[in-house]
Amino acid sequence: TDIIPAWEQHVFNEETGGFHAYLKRDWTPYRHNRQYPGMLSRQLFSFSAAYLLSGDQHYLALADSTFRYMVRHGWDTTYGGWYAEIGPHGRVTKAGKDLFMQTYAITGLTLYYATTRNPEAKAYLDTTYQRLRTQAWDQQNQGYYNSLTQDWQVADPQKDFSPQLAPASGFLTYLYPITRKAAYRDHFQTLLTMAWEKMRHP
C-alpha cells in the first residue's frame, strides 16, 4: 500500500470530480480531455485492494465513490456495457465497445464485489460478462473480437491478444474462487487453450 497515498493525492481531478487518465513521472497530469471506464475500474481495483491489505475504511470509501462514478458516467444505459471513452466531466466521447475496456471494467468490479459483496456491483459484472459471452465472442472460431459498435455489432473482427488474456488474468481467476461456478473455470481454460493453439508463434 506504499504507493496508494501518493496515487490518491494525484489521481483525482479536483476540477471535474473525475480522474486523471495520464500522469507524468512527476505526477503532472496531461491529456486532460479523456477518461476511460476500463481505467476507472483499475482505480476501483486499486482502492479495493488497498482496503483488503490495510483494513483502512478510508480506502473502502474511495472504492465506493469510484464505483458510483464509474457507473454514473461509464455505463451505457441504452445498450448495456461500458463506453470506450468519456470526457473529463463524464460526457460520452466514444460510445463503442472496446473489448480491452470491457474486460478491465469487469476486473475492478470483481475485486470490489469480492471486497464488499455489493449486489449492484455483481449485477453490472454479470450483465457485462453475459454480453461479452453472447455478443463479443466468436462462437465459430473462438476468441473475443477487438471492438463492437455501441449496440454490440462487430466493428473490428480482428482479435488481439490482450482481450483474450485480460479475462483470464483479470477477473476469471477471482470469480471462480469467489463463486465456485464451474463456468468461470471452464472459460478460463478455454481462453488459455485457444490462445496457446491459435495465437502463439510456432
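I count helices (H or I, at least four residues) and strands (E, at least two) as DSSP runs, numbered from the N terminus.

**Ground rules**

I am working on a predicted model, so to speak with care: local features need pLDDT of at least 70, side-chain atom pairs count only at pLDDT 80 or more, and totals for chains, interfaces and linings use all residues.

I started with the helix pairs. My axes are lines fitted to C-alpha atoms, for helices over the stretch in contact, and angles run from 0 to 180 degrees between N-to-C directions. Angles under 35 degrees count as roughly parallel, over 145 as roughly antiparallel, 65 to 115 as roughly perpendicular and the rest as oblique. I call a crossing left-handed if the near helix is turned anticlockwise from the far one by less than a right angle, and right-handed if clockwise.

Helix H1 (residues 4-11) packs against helix H3 (residues 57-74) at about 40 degrees, and their axes are 13 Å apart. H1 and H3 are therefore oblique to each other, and H1 passes H3 in a left-handed crossing.

Next I looked up H2 with H3: their axes come within 8 Å and cross at roughly 160 degrees. That makes H2 roughly antiparallel to H3. This crossing of H2 past H3 is left-handed.

Further along I found helix H6 (residues 162-179) packed with helix H7 (residues 182-198), at an angle of about 155 degrees and with axes 8 Å apart. H6 and H7 are therefore roughly antiparallel, and their crossing is left-handed.

**Entry 1: the pocket**

On a 1 Å grid over the protein atoms alone, a cavity is a set of points where a 1.4 Å probe fits but cannot get out, and a pocket is an open set with protein on both sides within 12 Å along at least five of seven lines; lining residues have an atom within 4 Å of a point. Grid points are joined across faces, edges and corners, and a volume is the space filled by probe spheres set on the points.

The largest pocket has about 200 Å³ of volume. Its lining draws two or more residues from each of H1 and helix H2 (37-54). H2 gives the most, with five residues. I counted 14 lining residues, and Trp-7, His-20, Ala-21, Met-39 and Gln-43 lie nearest the centre of the pocket.

For residue classes, Ala, Val, Leu, Ile, Met, Phe, Trp, Tyr, Cys and Pro count as nonpolar, Asp, Glu, Lys and Arg as charged, and the others, Gly among them, as polar. By that scheme the pocket lining holds nine nonpolar, four polar and one charged residues.

**Entry 2: the cavity**

I found one cavity of 30 Å³ or more in the structure. Of the 13 residues that line it, Asn-13, Phe-19, His-20, Ala-21 and His-32 are nearest its centre. The lining of this cavity has five nonpolar, six polar and two charged residues.

**Entry 3: a sheet**

Last, the strands, which I take as paired if DSSP finds at least two bridges between them. Three of them form an open sheet in the order E5-E6-E7, with antiparallel pairing. Strand E5 (97-98) and strand E7 (154-156) are the edge strands, each pairing on one side only. E5 meets strand E6 (residues 147-148) in the antiparallel sense over two bridges, and Lys-97 stands opposite Leu-148 in E6.

Notes:
Residues numbered from 1 in each chain as written. Heavy atoms only, no water.
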